[in-house]
Amino acid sequence: MIYPTSATPDYTMGYGKAILETQLRATAETSAEFLIPYLKPGHRLLDFGCGPGTISVGLAQAVAPGEMHGVDMEESLIEQARSVAASQSQANAIFHVGDVTDLQFEDSFFDVAHCRSVLMHVPDTAAVLSEVKRVLKPGGIIACREMICESAFTYPDFGILRRSWDMFEDLLTADDGHPQMGKEMKGHILAAGFTDLRMSASFSIYTSPEGIASIYRLVSQWLLSPEIAEAAIKYGASSEKLVCDLKVAYDRWKEHPGALLSFAYGEAIAQKPLS
């Protein structure tokens, strides 16, 4: 890793309060709608890179009385996910600390595997997809929803806010991530041997006062924080002047009546061959 101070050893975003707040806003209804029609009661489902579990519990509801197993490498997020499941009395949601490239499940264990914004952060895409394919039953499906960072726009831009997205992309790339995975994953999934691939896309958009405020906190407390900004400057992805100018622009943006932010996700559903 190039930035030992900018992220955990394996996750560019880290696990700060602003990042967790953003993750906790996600639900199965808002973040996995493309998958819901494929889920049936009794399915056994894997949510790999499950984070704090707010998407996972919705998927668990959809497959009950089947099991939903959430896996994440960060113990604090697994603890959070267990609390979320307990608060909703979702007993079929089971969470594990683990590595998505070395899953502790038998071959052909799951009917469905799901991830949201995971492949974009993992350096070895092929290793993840191979391992997920191993634990899927023949005929089982994989569902992935990943960002297309170059699709992002912030309005009004004030002639500068797009550069904050460029800064994020550079940081992610420096950590061996994949900022455009949402449009690249079709090739990766087919190369991994999955078939019957269906692609779709959707946008996340932030326009409400609460949404604008949450984005402002995320930018100011994470991307433009001294820790991350210093790493970006060191790498050449930013400069002290750019960071200062971005702070001023975001202060203007959060007060603007027309403020919004949006970006696209690519969505993929594919099947493990029957033989």
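Reader: What should I know before I start?

Author: It's a predicted model, so local features need pLDDT of at least 70 and side-chain atom pairs count only at pLDDT 80 or more, while totals for chains, interfaces and linings use all residues. Residues are numbered from 1 along each chain as its sequence is written, and side-chain values use heavy atoms, with hydrogens and water left out.

Reader: How many helices and strands does the chain have?

Author: Helices (H or I, at least four residues) and strands (E, at least two) are DSSP runs, numbered from the N terminus. Here the chain has 10 helices and 7 strands.

Reader: And what is its radius of gyration?

Author: That value is taken over C-alpha atoms, and the globule rule to hold it against is 2.2 Å times the number of residues to the power 0.38. For 275 residues, a compact globule would come out near 19 Å, and the chain has 19 Å, which agrees. Along the principal axes, the C-alpha atoms fill a box of roughly 55 × 35 × 30 Å.

Reader: What share of the residues is buried?

Author: Buried means under 20% relative accessible area, exposed means over 50%, and partly exposed is in between (1.4 Å probe, protein chains only). In this chain, 53% of the 275 residues count as buried. Among contacts between residues at least 6 apart in sequence, 80% join residues at least 24 apart.

Reader: Which residues of α3 are buried?

Author: Thr54, Ile55, Ser56, Val57, Gly58, Leu59, Ala60 and Val63. That's 8 of the 10 residues of α3, so this helix is largely enclosed by the rest of the structure.

Reader: Which residues are buried in α7?

Author: In α7 (residues 181–191), they are Met181, Gly182, Met185 and Ile189. They cover an arc of only 75° around the axis, which puts them on the same side of α7; the arc is that of the directions from the helix axis to the C-beta atoms. Their cover includes α5 (125–135), β5 (136–155), β6 (195–206) and β7 (260–271). After α7 comes Gly193, with a positive phi near 100°.

Reader: How many salt bridges are there?

Author: A salt bridge is a side-chain nitrogen of Lys or Arg within 4 Å of a carboxyl oxygen of Asp or Glu. A search of the whole structure turns up 12 of them. One of these pairs Arg44 with Glu67, with the closest N and O atoms 3.8 Å apart. Arg44 sits in the loop between α2 (28–31) and β1 (45–48), and Glu67 in the loop between α3 (54–63) and β2 (68–72), so the pair ties together parts that are 23 residues apart in sequence. Arg44 is partly exposed at 27%, and Glu67 is partly exposed at 31%.

Reader: Which other salt bridges can I look up?

Author: Lys254 is partly exposed at 31%, whereas Glu255 is exposed at 57%. Salt bridges that share partners also join Asp107, Glu131 and Arg134 into one network. Then there's Arg198 with Asp196, at 3.1 Å, N to O. Arg198 is partly exposed, with 30% relative accessibility.

Reader: What is the phi of Asp196?

Author: Most residues other than glycine have a negative phi, and most peptide bonds are trans. Asp196, in strand β6, has a positive phi near 50°. Asp196 is partly exposed, at 46%. Ser117 also has a positive phi, about 55°, although it is not a glycine. Ser117 lies in the loop between β4 (110–116) and α5, and at 17% it counts as buried.

Reader: Where are the cis peptide bonds?

Author: One joins Ala64 and Pro65, with omega about 10°; Pro65 lies in the loop between α3 and β2. Another joins Tyr155 and Pro156, with omega about -10°. Pro156 is in the loop between β5 and α6 (162–174).

Reader: Which residues make the nonpolar surface patch?

Author: Patches are made of residues with over 30% relative accessible area and no salt bridge: like charges are joined within 9 Å, and nonpolar side chains (Val, Leu, Ile, Met, Phe, Trp, Tyr) within 5 Å. Phe153, Tyr155 and Phe203 make a nonpolar patch of about 350 Å², an area from the Shrake-Rupley method with a 1.4 Å probe, where for residues only the protein chains shown count as cover. Phe153 is in strand β5 and is partly exposed at 39%.

Key. Contact = heavy atoms within 4.5 Å.
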